[in-house]
Structure formats: C-alpha cells, structure tokens
Amino acid sequence: MTFGRVNPQYQLEDQGINGLGNVYYNDFAPDLIAAALKRNEGTLGQGGTFLVSTGKFTGRSPKDKHVVYTDKVADHIWWDNNAKMSPEGFDRLRDDMLGHMCGKDYFVQDLIAGSDPLVSINVRMVTELAWHGLFIRHMLRRPERAALDQFLPDFTVINCPSFQADPARHDCRSETVIAMNFDQKLILIGGTEYAGENKKSVFTLLNYLLPEKNIMPMHCSANHATGNPVDTAVFFGLSGTGKTTLSADPLRTLIGDDEHGWSDRGTFNFEGGCYAKTINLSAEAEPEIYATTRKFGTVIENMVFDADTKELDFDDDSLTANMRCAYPLEYIANASDTALGGHPKNIIMLTCDAFGVLPPIARLSPAQAMYHFLSGFTSKVAGTERGVTEPEPTFSTCFGAPFMPRRPEVYGNLLRSKIASHGATCWLVNTGWTGGAYGTGQRMPIKATRALLTAALNGSLSEVEFRKDMNFGFDVPMTAPGVDQQLLDPKRTWADEAAYEAQAQNLVKMFADNFEQYVPFIDEDVKAIAIG
C-alpha cells in the first residue's frame, strides 16, 4: 500500500521494485519519528530529538565501496582508489537485495542534491529504516510539496541494512557493500546502519558527474560575510578537522558544513543540512551547534544518554568518538536561505597534524595550494572510519579521497583553474597538535584558530610580517591579533627543539614520498615544490 505524496506516474513499481509491504513516500519529520519509534529504531530525546545507535558500524566503510566496471566509465574512474564490481555481480546484488526487501515496509524520500537549480540533480532515497529517511531528509534539499507530483529521479539509492552481501556471489569484499552503478543510475547500500553512507554515496555521485560540467565538487564547508556573498570562504578538510565548527561563525552567514560545488556562477551547497560531530560539544564553545541537540527532529547518533532524563553525555565516547547530530540547515540562525555564495575569496585547507609540526596558519602560493590540495595531509580522527581508535596520520588527496571517483588531477586542475580565474587567497590551517605530537602535545586551541581565521578573512592578517617556513616554504605570520606569538612558531612550543626538527624532517619526507605518484601529472611549478 502506498502512503504520502508522490508522482503517480513514477512510483517504485515503475522502477521495477515490486512486492514490498507498505511504502511511505515523502513523510515529514513527525511521521518519520513516529514510525521509527513504533518500529523500535531509537528513542525520543529532549526537545523531540531522535536518539539512535548504529550498532557495530559507527563510521563509514570505505573499503566496502565499489564502482561497477562498464565500458562507459572504464576510462574515467580512478581504479586505484575505487574497487571494481562486475556488472554481473551488481545485477545479482540488485536482484537479491530486491528479493530480500519483498513484503517489508520501506520509506521513500524524493530529494534534491544541489542548491543551484541549473545543476542540481533529483535523488530518490529508498530506506529500510524510518530514521534513515529522517536523516537524509535533513541532509539533502527538500523540493516544494507541489513539485513532488512531477518528481522524476535522476539517480536512486536503496539502503537496506538488514541485507548481507555475499562476496563471492556479488563480487564485493565483505557482507557490507556500497555499490555504485553509474550506467543504471542506481546505488545499493547493505549491511550497515551508519547513516553517513547515505550522504556520502550522493557526494561521490556528484564528484563523478560535475567535473564534466566544469564544476569543482568540494569536500568543504563554506560561509560568506553577512550581507555580502561576494566575500565567500571555503574550508576544505576531512572529518574531524573542524569544517563544521569553523564555518559556523556567528559573524558570518553559513552556506553549508560539508559538501559544495564551485561553478561559473559561484559557490553552492549540495545539501540542506549539517552532520556535526558532538564529542566534547559545549554551549560555550559552539552555541549554535549545541542548540540543535535539543531541537525537534535532530537525529542524535551514537551518543550516551541518561535513560530517564535523556540528558546527553557529550564527553562519553564509549560508543564511539564519532558521535554526531544531523539537523536541517535552518536550525543554524545565521544560515543562508539560498545556500548560495560568490566565488571564494579565501580558500582554507584544514589539516589535523598529529605530528605537531605544522603552524596554526600559513599562506600558500597557487602552486603550494595545488601541492597541499593533492597531498590532502591530515590525521584520521578516532571513529570516523571503522578501526580508527586514535589519530592516524594519512594523506587523503583533495581532502576527500574516499569520495573521489576520478583521478586527483581532475579535481586539482579544476581548482587551480578557478583560483587563477578568480584570484582566491589560499591558507593552510592546522587544527591538530601543538607543543608536541599526539600523546605529548595538546590540541590547537580553538580560540586561537578562530582568531587567526577572522584575521585571514577580514584581511588584517595579510598586513603583518611573514617568515618563510624552512620545512615547507610557505609563508607564516609572525604576529596575529589575539594570538600568542609563540604559538605561531611550532618549534618554540616544543620542550625539545631537536626533537621537533627530527619530527619535521620525518613529515617532509612523508609528504615527498606520497607526492611521487602525482609528479608525472603536474605542472613544473608544482613539481618544483614536490622535489624541493
């Protein structure tokens, strides 16, 4: 039986999905929460939030993501980074998953990816869990109700956590699977309840589609000066580097916290919501995000809470350090109504340096920006992926390798072209460790990071004296308003300067060794940085 508003000419049966139980189309948050409670998927929290545990999967499973190998995509996929699945394996996976779904109730959300109507795509999300429907309704953009009568999806995502893949039969790695078939315009997710797989599958899809339209897809947050979209800033970074926290600036207008495009018209958000980490979240440090954890419909994921009062424990990471909340963008008071911005005036590349070597901020030349963008150095923060229990240094090209179907140079060249066309200033910001490596030093004070970013974005930081970093060659400010001068020179924060030098040389070598893979594909000025 069908419930809810949907295009009568394009229901699941019209897509060959038959034999299901009740199908609920485009329910709003109250009905989705009611259904999730009835099905014992979670608990009602303070303010009407929804509290849920995702079981053993509390982070993404990037090694279980596959792209179907076909003649159409064979020459366009970065196969070293994307596991292949045969068309035959995918067909068996699709048929077996649809068979598994027979007789069960499902929830459909017809949504939009992209706030720019000229380049957005329609996505149909079919979810086994009601709360997954609520989650993705927050994450993507919601069409006007009347538009649902004519909604036709460009791509469909089916998420069925109770389905277990068979690696031998389905040509995948494990019982967990994320399979992307660009020819069939279909994405299948099975064997994991972690909701982040929903949004990142759509992000990966856009990372494949948009470069052909000369649009740069970016794993970044973005904001602009209040009342002045021309003054736009984007913040590249992997999970745990501060994209959500640092873009939620009460003095600027939030465009979005995680996924954006840069087109000939400017910056636009892919999403309609935010997915913020909540570990150690406080009303004092991050009041806007903290307030969402008591607002109706916010999904609270993998947090410990009091069984009686439902009071959240923001410091207890016994379930995972990757505890999160998902909420619509409008829950942030200073969020943009349009989720559109201008061409970035400032580009910030966020890195979480667990070695304690990099300065809190550095100014990059265009060639240096290309080098650090392709390097994508950071530290995976505990919990964001399965098996990561403490900060783990890594190089994730374009600050988002798990979501990049195409080769890194495609994105790097697009970014460099747009920087050249629009004259953006680029900065590298370290939100990781200072005074020593992980285990010895301490995390960079967020107050200092915010002060440095404010100075960078308002232009005052460009007026101070800079020094040339001896390890990486970029420019480092020697002073900054409201920031301890010693913090700006990492070596001075270490008790043992010789130990710092040894650690710095180790990191420089790691950069050089990693970058060798890109040397055949880059311009001479970037190559000069790579080889010193």
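Biologist: What span should helix H5 have, and what are its end C-alpha atoms apart?

Modeller: Helix H5 covers residues 196–209, and at 1.5 Å a residue its 14 residues should span 20 Å. The end C-alpha atoms are 20 Å apart, which agrees. The expected span is 1.5 Å times one less than the number of residues. Helices (H or I, at least four residues) and strands (E, at least two) are DSSP runs, numbered from the N terminus.

Biologist: Before I go on, what sort of model is this, and which atoms do side-chain values use?

Modeller: This is a predicted model, where local features need pLDDT of at least 70 and side-chain atom pairs count only at pLDDT 80 or more, while totals for chains, interfaces and linings use all residues. Residues are numbered from 1 along each chain as its sequence is written, and side-chain values use heavy atoms, with hydrogens and water left out.

Biologist: Back to H5: how many of its residues are buried?

Modeller: 13 of the 14 are buried, so H5 is largely enclosed by the rest of the structure. Buried means under 20% relative accessible area, exposed over 50%, and partly exposed in between (1.4 Å probe, protein chains only).

Biologist: Now the sheet. What order do the nine strands have?

Modeller: The order is E1-E2-E7-E8-E9-E11-E10-E5-E6, in an open sheet with mixed pairing. Two strands pair if DSSP finds at least two bridges between them.

Biologist: Which strands stand at the edges?

Modeller: Strand E1 (2–4) and strand E6 (83–85) do. Each has a single partner strand, so one side of each is left without a neighbour in the sheet. Neighbouring strands are turned by 25° against each other on average, direction ignored.

Biologist: How many bridges join E9 to E11?

Modeller: Five bridges join E9 (residues 155–160) to E11 (residues 186–190), and the two run parallel. Cys160 stands opposite Gly190 in E11.

Biologist: Which strands does helix H2 touch?

Modeller: H2 (residues 87–101) packs on the sheet and touches E5, E6, E7, E8, E9, E10 and E11. The direction of H2 makes about 65° with that of E11. Helix H3 (residues 130–139) lies across E7, E8 and E9, at about 10° to E7. Contact means heavy atoms within 4.5 Å. Axes are lines fitted to C-alpha atoms, for helices over the stretch in contact, and angles run from 0 to 180 degrees between N-to-C directions.

Biologist: What ring does Lys84 lie over?

Modeller: Lys84 lies over the face of Trp79, at 5.4 Å from the ring centre. The charged end of Arg363 sits over the ring of Phe466, 3.9 Å from its centre. The rule is NZ of Lys or CZ of Arg within 6 Å of the ring centre and within 35 degrees of the ring normal.

Biologist: Switching to rings: how many aromatic pairs are there?

Modeller: The count comes to 24. Rings of Phe, Tyr and Trp (its six-membered ring) pair if their centres lie within 6.5 Å; planes under 30 degrees apart count as stacked, over 60 as edge-to-face and the rest as tilted. Phe395 and Phe511 are edge-to-face, at 5.1 Å centre to centre with 90° between the planes.

Biologist: Where do those two sit in the chain?

Modeller: Phe395 is in strand E26 (residues 392–395) and Phe511 in helix H12 (residues 497–515), 116 residues apart. Phe511 is buried at 1%. Asn514 is also found in helix H12, and it touches Ser375 and Phe395, not counting residues up to four places away in sequence.
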